[in-house]
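My entries follow in the order I made them.

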Amino acid sequence: MYKRDTIYYPQDEMNTVLLPVTLGCNYNRCAFCSMYKDDRYSEVPFFDIERELLNIYNYTERVFLTGADPMSIGFDNMERLLDIIHQHLPYCACVASYASIRSLSKYSVEELSILHKKGLRLLYIGFETGRDDILKLMKKGHTVDQAIQQANKLNQANLQFNSIIMYGIAGKGKSVDNAAATARMINRFTTNRIITMNLIIFEGTELKDMVDRGEFIPPKAGERLLELKTLLENLEPERPTIFDTTHPTNMVSVKGILPRDRNRLINRIVNL
Ligand code: SF4
């Protein structure tokens, strides 16, 4: 089922059972993103999801919902989906999914809490940057305040999430300020893990057109490393938080727990 559609999932979910929930991206406007440019958005019918679940080993303990933003299906459908997963996979203790700030804004804390109790245990969220001007330039569709608000709601609902941010995204000369602003944003909530990605200019994106027109100048390697270092220097998590640059786009692959490993991680970056 849906084998020919584009499927993306976090590298940490490489060995997780994948369950298609949405196809394509219902937003599809982020200037840097090429992932679903040619795919039409649709929601996988429940009949097909159930058929897929029938083919999954019923001792499965973890499921990743695929699609750019499965939370966009709304509370009633998410609740129904988690019930169906539980019915078919009674030992599944963790359902994980991508989520956007836009779709999370449609859920109340109570609804998020219900979904958590029904097995939704981990979200991966693209925050990208803590600067409003860059979010606007990249057409991300949310503001920094909205991002903090949704993150706080998840904290209240006890629903854990990983925060994906992107260095290089602010352009030449703005990276250090971007890192400080992004750290200020993340310091306002509790997140499981900070996952960094390095900006890549993909063909066919609006960002590529901006680069070609000279409207966006990507920072060079040295500036990007300085951005990572500044981010590490400014993050002040209240609880131990994993800092993870092992995604393949990164210039350096480090992983550790903040604040404990801060100096070790900074030393790895400055001694590259
Ligand atoms: S970054 Fe995510 S929300 Fe934005 S267009 Fe790409 S898949 Fe859609």
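I started with the secondary structure of the chain, which comes to ten helices and ten strands. The radius of gyration is 19 Å, close to the 19 Å that the globule rule gives for 272 residues, so the chain is as compact as a globular protein of that length. I note that this is a predicted model. Along its principal axes the C-alpha trace spans about 50 × 40 × 30 Å.

I then looked up burial and contacts. Of the 272 residues, 38% count as buried. Among contacts with a separation of 6 or more, 78% join residues 24 or more positions apart.

Next I went to the core. The largest nonpolar core has 67 residues, and Val63, Ile85, Val95 and Ile169 have the most contacts inside it. Strand β6 (residues 120-128) gives the most to this core, with six residues. I picked Val95 and listed what it touches, leaving out residues up to four places away in sequence: Val63, Leu65, Leu82, Ile85, Gly119, Leu120 and Arg121.

I turned to helix α7, residues 175-186. Its twelve residues reach 16 Å from the first C-alpha to the last, close to the 16 Å expected at 1.5 Å a residue. The buried residues of α7 are Ser175, Asn178, Ala179, Ala181, Thr182, Ala183 and Ile186. What covers them includes α5 (132-137), β7 (160-167), β8 (193-198) and α9 (221-234).

Which residues are around the ligand? I found Cys25, Tyr27, Asn28, Arg29, Cys30, Cys33, Met35, Tyr36, Ala68, Asp69, Ser100 and Gly126. This shell divides into seven nonpolar, three polar and two charged residues.

Last, I checked the backbone. Most residues other than glycine have a negative phi, and most peptide bonds are trans. Glu128 has a positive phi of about 65° although it is not a glycine. Glu128 lies in strand β6. Is Glu128 buried or exposed? It counts as buried because it has 26 C-beta neighbours inside 10 Å, and 20 or more are needed for that.

Asn158 also has a positive phi of about 65° and is not a glycine. Asn158 lies in the loop between α6 (144-156) and β7. With 12 other C-beta atoms within 10 Å, Asn158 is exposed.

Pro259 lies in the loop between β10 (255-258) and α10 (262-270).

Key: Residues numbered from 1 in each chain as written. Predicted model: local features only at pLDDT ≥ 70, side-chain atom pairs only at ≥ 80, totals over all residues. Near = placed C-beta within 6 Å. Nonpolar A, V, L, I, M, F, W, Y, C, P; charged D, E, K, R; others polar. Helix = DSSP H or I, 4+ residues; strand = E, 2+ residues; numbered from the N terminus. Expected span 1.5 Å × (residues − 1). Contact = placed C-beta atoms within 7 Å. Rg over C-alpha atoms; globule rule 2.2 N^0.38 Å. Core = buried A, V, L, I, M, F, W, Y, C linked by C-beta atoms within 7 Å.
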